[in-house]
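Q: I would like to go through this structure step by step. Could you help me read it?

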Amino acid sequence: MPPARTIFLAALAALTVSCGSGPPPAIDPALAASVPPGATILAGVNPVRVRASPLYRQLPAAAAGLLDSLGPARSVLVASDGAMYLVLIRGDFRDAPSSTTVLGKGLAGMGSPDWLEAARHGRPNAGKNALLTRAGPVAASADIWMAAAGSANLPVSGNGENLNNLLHATEYATLSVRLTDNVALEIVGICPGPEPARHLEETVRAFVSIGAGTTARQPAISGLLRRIQVTRDDRAVHVILVAQPAELQTVLKLLGIG
């Protein structure tokens with residue numbers, strides 16, 4: 001199973017069934033159709049938009065190298081259940097990117113053997129994962145995104161387990177990153193009701209406050225933590241951070257992918 005950073009930086013675009021002259025689906029239908037029904041984590045990246053961003057050259061070498069290795073890929077989608085995973089790639093390529101398997105015209109993938117085999121043969125129930133619908137709105141506007149069911153276990157360890165504890169307090173959560181003239185990050189946790197949302201808001205505020213204090217000797221990280229905005233709207237808890245271009249590396253380090 002790749003580490004969380006690979007999942008986070010691996011994928012793209014989301015749902016919405018469009019028709020006629022409406023906007024195109026946020027997730028490429030060919031990719032969505034191959035998502036295993038048991039996936040509890042979806043993540044994506046829009047390679048075209050990320051490469052066009054003025055911040056692209058500021059990405060860590062590993063992240064930029066991963067995108068470059070995908071060649072003409074225009075959409076990438078990663079699905080996982082915390083143990084199994086599947087990376088799906090769509091693009092105008094004649095030969096599939098390195099280490100991937102051809103699944104169809106302009107479609108390639110890699111991952112756990114059972115899920116890869118299911119994607120190759122288009123088995124029934126693939127693409128009927130409810131998380132696709134929940135991921136749709138965030139994936140439509142984000143350059144990098146993630147959506148996870150509240151029951152999911154992110155592939156993290158150590159202090160990262162706190163993320164799973166927060167996630168388990170929600171029905172599902174989404175993360176979006178937009179790279180324009182700045183770095184705009186938003187995490188939204190949808191809770192079972194207003195009272196659980198209030199408790200989650202208080203817990204997140206406490207984590208942010210403690211984190212800012214314990215990283216006081218790292219002013220770049222501490223400064224970002226102090227600028228995080230935490231708000232609540234009925235069942236939804238929003239965590240928002242807007243950073244300057246020069247702070248991109250610090251934001252990625254804060255996310256554990258720097």
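This is a predicted model: local features need pLDDT of at least 70, side-chain atom pairs count only at pLDDT 80 or more; totals for chains, interfaces and linings use all residues.

Q: At what angle do helix 8 and helix 9 pack?

A: Helix 8, residues 194-214, and helix 9, residues 219-227, pack at about 155°, and their axes are 8 Å apart. Angles over 145 degrees count as roughly antiparallel, and therefore the two helices are roughly antiparallel to each other.

Q: Is that crossing left-handed or right-handed?

A: The crossing of helix 8 and helix 9 is left-handed.

Q: Which residues meet there?

A: From helix 8 come Val 208, Gly 211, Ala 212 and Gly 213, which meet Ser 222, Leu 225 and Arg 226 of helix 9. By type, the residues of this contact are 3 nonpolar, 3 polar and 1 charged.

Q: Turning to the nonpolar cores, how many residues has the largest one?

A: The largest nonpolar core has 50 residues, and Val 50, Leu 59, Leu 179 and Val 183 have the most contacts inside it. Helix 8 supplies the largest share of this core, 5 residues. Another core, of 23 residues, lies apart from it and includes Ile 27 and Leu 88.

Q: What does Leu 179 touch?

A: Leaving aside residues up to four places away in sequence, Leu 179 touches Val 50, Ser 53, Leu 55, Asp 143, Ile 144 and Leu 248.

Q: Now the loop: where does Asp 234 lie?

A: Asp 234 lies between strand 9 (229-233) and strand 10 (236-243). Asp 234 is not a glycine, yet its phi is positive, about 60°. Most residues other than glycine have a negative phi.

Definitions and conventions. Residues are numbered from 1 along each chain as its sequence is written. Side-chain values use heavy atoms; hydrogens and water are left out. Helices (H or I, at least four residues) and strands (E, at least two) are DSSP runs, numbered from the N terminus. Axes are lines fitted to C-alpha atoms, for helices over the stretch in contact, and angles run from 0 to 180 degrees between N-to-C directions. Angles under 35 degrees count as roughly parallel, over 145 as roughly antiparallel, 65 to 115 as roughly perpendicular and the rest as oblique. A crossing is left-handed if the near helix is turned anticlockwise from the far one by less than a right angle, and right-handed if clockwise. Contact means heavy atoms within 4.5 Å. Ala, Val, Leu, Ile, Met, Phe, Trp, Tyr, Cys and Pro count as nonpolar, Asp, Glu, Lys and Arg as charged, and the others, Gly among them, as polar. A nonpolar core is a set of buried Ala, Val, Leu, Ile, Met, Phe, Trp, Tyr and Cys residues joined through side-chain atoms within 4.5 Å. Buried means under 20% relative accessible area, exposed over 50%, partly exposed in between (1.4 Å probe, protein chains only).
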